[in-house]
Amino acid sequence: MTEPEPDRTETAAHPPRDPDRLIRRAGLRGDPDQDQHFLVDDRVLDRIPSYLPEDTDTSHVLEVGGGTGALTDRLLRVADRVTVVERDTRLAEFLREEFADAIEADRLTILEGDALEIDLPEFTACVSNLPYGISSEITFRLLPRGVPLVLMFQKEFGERMAAETGTDEYGRLSVSAQHYGDVEVVETVPKEAFDPAPAVESVVVRVTPRAPDYEVDDEAFFLDFVKALFTQRRKTIRNGIRNTAHISGLEDPEAVVEAADEDVLRKRAGNMSPEAFAALTALADEHGR
């Protein structure tokens, strides 16, 4: 039996909520010390959900860091159901009051707690203006879910996620993120789009999930090995392997050096593609563990 389509009549009949009015109704100001910067630019808010890939399943969208609900309001216009994770008790209570109708209609769930600690539900996509202080940790909690992500980051972080091999921005973050999907910076957002304004510009990043075109038998070891070699990014791969066994977990780094091709050993981490890292990881797994 097919479930009935959710009724979005009321949402569609009203214009999107004004972000500044939401802040006034909440009676709260963003707190930079608590990593709270509310997105208040209507045009950016309206565009963010549109960055989801065209074929995205929007039956259940997750939002991390709901704030005063400006993005939540836009997500309810495109998704069947939305779950918001909000750690600030006052904001969580405001969201329950502001969106009482959507909650009653079983289209919105507010989870109060830390997104790094609580059990996340199953979801089909995630669209969020993330708290910047937990960008890395929450991103790598979301990436293995294998669903489309549209996330707001500090500009430098987002550009590093999407960086190509051989560029200055390319690093551990680039390899690790691109292991899970295609990463694109889709919009740069000025500081003035937030209240209070952060110290740096931001970017919206889209991650379209896909399986890597290489094989990794032990994903945890792959990620640890990449991390280890990038701690020695100015050194050759030969020296990186030798110097980072305490990070990578290799028991016999010298055996890996002896088994690897000389062309690889002369390279530096910043010039190694994800595929090259995967091949070297397989070699390290075979000879060094």
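## Domain arrangement

The C-alpha centres of domain 1 and domain 2 are separated by 34 Å in this predicted model, the bounds, 17-207 for domain 1 and 217-286 for domain 2, coming from an automatic or database domain assignment. The contact between them (heavy atoms within 4.5 Å) draws 11 residues from domain 1 and 14 residues from domain 2.

Residues are numbered from 1 along each chain as its sequence is written. Local features need pLDDT of at least 70 and side-chain atom pairs count only at pLDDT 80 or more, while totals for chains, interfaces and linings use all residues, and side-chain values use heavy atoms, with hydrogens and water left out.

## Interface

About 1,000 Å² is buried between domain 1 and domain 2, with carbon and sulfur atoms giving 62% of that area; buried area here is the accessible area (1.4 Å probe) that two parts lose on being put together, summed over both. On the side of domain 1, Tyr-170, Arg-172 and Val-175 lose the most area to domain 2, together 48% of what that side buries.

## Annotated binding site

In an unreviewed UniProt entry, the annotation "binding site" covers His-37, Leu-39, Gly-65, Glu-86, Asp-114 and Asn-129; such annotations may be inferred rather than shown by experiment.

His-37, in the loop between α2 (19-26) and β1 (38-39), is buried (under 20% relative accessible area) at 14%. Leaving aside neighbours within four places in sequence, its contacts include Asn-129 and Phe-194.

Methods
Helix = DSSP H or I, 4+ residues; strand = E, 2+ residues; numbered from the N terminus. Buried < 20%, exposed > 50% of the residue type's maximum accessible area, 1.4 Å probe, protein only.
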